[in-house]
Amino acid sequence: MKSLPPNQLYKACVLKEFPFKTTRQLDPLAEIVGQNRAQEAVRFALAMPHGGYNVYAVGRNGLGKRTMMLRYLEHHADTEHRIHDWCYVANFEDPRVPRVLKLAAGEGQSLKQDMDRLMSRLMKLVPQTFEGDTFLERAEALKKEYNDKQDDALQKVADQARRKKVSLTISTPGGYRLVAMNGDDPHTAESFAQLSQEQRDKFERDITTLEKRLRQAVRKVADWEQEYADKQQALNEETLEGIAGHQFVALIEKYQANKEVVEYLKAVRKDLSESLEIFLDDGEEQAAMAYASLDKKMPRRYQVNLLVHHKDHDVPVVVEDTPTYHNLFGYVENVTFKGTVFTDFTLIRPGSLHKANGGYLLMDAIKVLEQPFVWDGLKRALRARNLQINSLERELTLSGTISLEPTPIPLDVKIVLFGDRETWGLLQEYDPEFAELFRVTADFENEMPRTPESQLQYAKFIASLVTEKKLLHCDQKAVARIIEHSARMAEHQNRLSLHAADIANLLRESDYWARQAGAKLIQRSHVEQALASAEYRGSRIRDHFHDSVRDGTTLVSTQGVRVGQVNGLSVLSTGGFEFGLCNRITATCYYGDGDVIDIERDVKLGGNIHSKGVMILTSWLASHFAINHPMHLSASLTFEQNYGEVDGDSASLGELCALVSAMSEIPIRQDLGITGSVNQFGEVQPIGGANEKIEGFFDTCKMTGFTGTQGVIVPHTNVQNLMLREDIVEAVRKGQFGVYAVSTVEEAVELLLGKPAGKLDRKGSYPVRTVFGAIQRRMEALRELERQEVTQNKQEGARHE
C-alpha cells in the first residue's frame, strides 16, 4: 500500500481564483458569512407582529451571533415601527400611583423643557405677584369684608345678650360662651343660687334663646368663611391666570393631539392655585431635596420624569451585558433627607426593557438565568405585555415601607437571547413557558462549505473584520493562508470554520507582527508568525511530554518490530491548545476461554466509549476465529504508562492489531503509528483529531530519528480531514514519512504485520501463510491439545473404575 500523495494531505488555495490583490479591493460584508439559516430565522421572528416570537440564538461562543444580530438590525430593522417617549408625572388625586404619559419620539424632552421653563417662570413671578401691593390690597379687602360681617353678626347677638343681662364671650377660636351677669361681674355659683327661682328660670330662658340666635349667627359666619375662601381661591386663580394662563393655553394647543398630555396640563393648572405654598415657602427645603436627589431646584410636584427619550425615530437596539433585576426592569430610587428616607415619581429610573420598548433587546441567556428573579420577571412581562416597576424588596416581600406603584407601561419588544445548545435543551425540557415565549430558534452553523465562491465570500468577511478592527489590509497570500487555517480549524479540506472570534484574533496578531516588521500589508509570513507565536505560548505541556520522550522516561519505539505492541495515537487538550501524543498499546495472550481483559476498564480508568470499542473488537475476533468452536485464547489489553482516564474508541483499530499480533505471534512494525475506530464487520470508521495525531507521531519520529519508513495509518474516511503542517507535507514529498489510509482491519493488519491478513475459503479456513491463518492454526492446536487432555482423562477414569 502506498502513502497518500502530498496533495491529499493539505488543500491549498488556488490564488488564480482570487480576483483581488489585497482586501482593500474587496467590499466588506454587511452580513455574517455562512449563517443563512440563522439569518432567515431572525428575519422571520422580527417580521412576526404577534407575541411570543422572540429569538433564542443557539451556537458556540465566538460564532459572531451578537455581531450578526447587530448588523442585521442595523440594516433591516422595521423603520415603520412606531417608537415613543415615556414620562412619569405626578398623580394629584393619588400620589402613590404616578401617571405615565406616552408621547411621540422626541416630544418627551420637549414637554420636560416646557414644564421646566414654566416652573422657573412661576418660581420668580408667583412670589413677586402674591407679595405685591395690588394682590395684598385685594386679599386684605376680602379678609376685611369677611371680618366685618363676622363681627357685625356676633355684635348683634352680644347686644341682645347685654340687654338681658347676659355676657357673650369668645373663649377659643370658634368657641362661644353665654354667662349670666350680676351687675358688671358674672354670677358665681353662690350668687346665682341666692336668686329667686323665677329669676333663675328667666336667665335660663334668655340664655336658651340667645344660644339659638348665636348658632344661627355662627352658621352664617361659617358660610361667609367658605365664601371668603372661595373668593380668595378665585383671586388666586385669577392672579395665577394672569401670570401663567397664556402659557398653559399655548402648551395645551401645542400638545392638543395628545389627550393624556392635555389632561395632565389641565390638572397642573388646577392644582397650582391649591399649592401656592410650594412657591411661597422658604426654598431651603426644596434646595436640600434637589441636592439630595441630584436634581434641579424645582418644585418636584410639577416636574416631568422623562423615563425614555428618543432623539430620532431609529428603532432602539439595546444590548444588556449585566441583566440584573434593576438593570432590566427599572427601579425607584430613595433619598435621605433629614434622617428620613424619601421617594417620589421623579426618582423612578428606567431599565433596559424600557429603553428597548418598541425595538429589540439582546442578552446572554446564561447571565439572565444566573440573576435572581430576572427570568421569572422577564416571562411575566412578556406574557402581560406591560412593564410594572416593583422594587426587589417588594418582590421578596421583605419590606413593608410605603412605596410607589407606578402605572404599568405597555411593552412591545423583541427579545434575543444568546446561548449554547445545552442551555436551550434544558429550558425546552424543564420550562414549559419557554417554548411559548421563544418560538424561534436561530441555529448558528459552525462551518460552511469550501468552494471558490465561498472562499471569495470568506475573503470579504476577512476584509470586513480588517475594516471594523482598523487593522492593516491583507495581501492575496495572507488571505489564502487564513482560509487554509480556517479549513484546519474545521478539520475538513472542503469546509471552513465560522468561528469569527478565532479569525479576528488571528488577524489582530498578524497585524501586530506586520506592524512590528514595518510592513504596510499583512503578508503570509506574518500570519505564519502569528500562528507560530500562539502555538509557542500554549505548548508548554506538549514540550514537557516531548522532553519525556527524549530522555527515555516515556517508552516509545519508532523502529524495529515487536509482538503484541503497537503505537497508538491520542489527542490532549490544554486550555484551547490541542496536540497529539504517541501511546504504547500492548496485548498479551494466554490459554483461556476467549475473553479480552481491558485493564483500563477493570481499574476504572476507561470511559464508556473506550469500553464499548474493546467489546466491539472482542466480537470481531469471535466472529472470525470462534464461529464453530470456542476460542481457547484469552488476552489482556492496556495503554502503557497511562495514569489518567482514557475514553474514546479511536484506539480500537490499534488495539485489535495488537491482539492479532499477540494471537498470531507475528511482530508489528514499530515505525508506524495507527489510529481508527472499528465496527463489528471490520470496517474502519473515522475519528477526530487526525491532524494532531499525525503531527504528534511525526514529532516523536523526529525526536528519535527518521528512518525513511515511518508513517501513520489513518481511516480512509479521514483523508478529507487532513490539513497537515507544511514540514510533514514536505517530509512525505521527500519520502521520509508516509500517511496510509485504510478502509478495513485487513488492510491495517497487512501494513503493520507485513503479511497478508488472509481471506476465508469455502472450507472455512484461512491460507497458511497469512496472519489469520497463523491464528487459526494456533487455535486448532489448542483445540487438539484440549481433545487429547479430555481423552487422556477419560482413559484414566476408566482404569480407576
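How many bridges do β22 and β24 pair over, and in which sense? They pair in the antiparallel sense, over seven bridges. Before going further, a word on what you are looking at: this is a predicted model, where local features need pLDDT of at least 70, side-chain atom pairs count only at pLDDT 80 or more, and totals for chains, interfaces and linings use all residues. Residues are numbered from 1 along each chain as its sequence is written, and side-chain values use heavy atoms, with hydrogens and water left out.

**Strands side by side**

Some terms to begin with. Strands (E, at least two residues) and helices (H or I, at least four) are DSSP runs, numbered from the N terminus. Two strands pair if DSSP finds at least two bridges between them.

Let's stay with β24, which covers residues 633–639.

Thr574 stands opposite Phe577 of β22. The hairpin of β21 and β22 has two residues between the strands, and Gly575 takes a positive phi near 60° there. β21 is also joined to β26 (residues 672–674) by two bridges, this time running parallel, with Gly673 of β26 as the bridge partner of Asn567.

Here are the pairings together:

| Strands | Sense | Bridges |
|---|---|---|
| β22 and β24 | antiparallel | seven |
| β21 and β26 | parallel | two |

**Inside or outside?**

For burial, the cut-offs are under 20% relative accessible area for buried, over 50% for exposed, and partly exposed in between (1.4 Å probe, protein chains only). Seven of the seven residues of β24 are buried, so this strand is largely enclosed by the rest of the structure. Leu633, Ala635, Leu637 and Phe639 point one way from β24, while Ser634, Ser636 and Thr638 point the other way, and all are buried.

Gln641 is partly exposed, at 34% relative accessible area. Glu665, in the loop between α24 and β25 (668–669), also has a positive phi, near 60°. Glu665 counts as exposed, at 52% relative accessibility. As background, most residues other than glycine have a negative phi.

**The nonpolar cores**

A nonpolar core here is a set of buried Ala, Val, Leu, Ile, Met, Phe, Trp, Tyr and Cys residues joined through side-chain atoms within 4.5 Å. The largest has 85 residues, and Tyr458, Ile462, Cys474, Leu507, Phe737 and Val739 have the most contacts inside it. Helix α17 (residues 452–469) brings the largest share of this core, seven residues. Apart from it lies another core, of 75 residues, including Leu265, Leu307, Val332 and Leu404.

Which residues does Ile462 touch? Taking contact as heavy atoms within 4.5 Å and leaving aside neighbours within four places in sequence, Ile462 meets Thr23, Cys474, Val479, Ile482, Ile483 and Leu507.

**The largest pocket**

On a 1 Å grid over the protein atoms alone, a pocket is an open set of points with protein on both sides within 12 Å along at least five of seven lines, a cavity is a set where a 1.4 Å probe fits but cannot get out, and lining residues have an atom within 4 Å of a point. Grid points are joined across faces, edges and corners, and a volume is the space filled by probe spheres set on the points.

The largest pocket has a volume of about 1600 Å³. Its lining counts 50 residues, with Arg481, His485, Arg488, Met489 and Leu531 nearest the centre. α20 gives the most to this lining, nine residues.

Glu692 belongs to helix α25 and is buried, with a relative accessible area of 9%. Leaving aside neighbours within four places in sequence, its contacts are Arg488, Val571, Glu578, Phe579 and Gly580.

**Enclosed spaces**

A search of the whole structure turns up four cavities of 30 Å³ or more. The largest cavity holds about 60 Å³ of space, and α4 (133–163) and α6 (197–254) each supply at least two residues of its lining.
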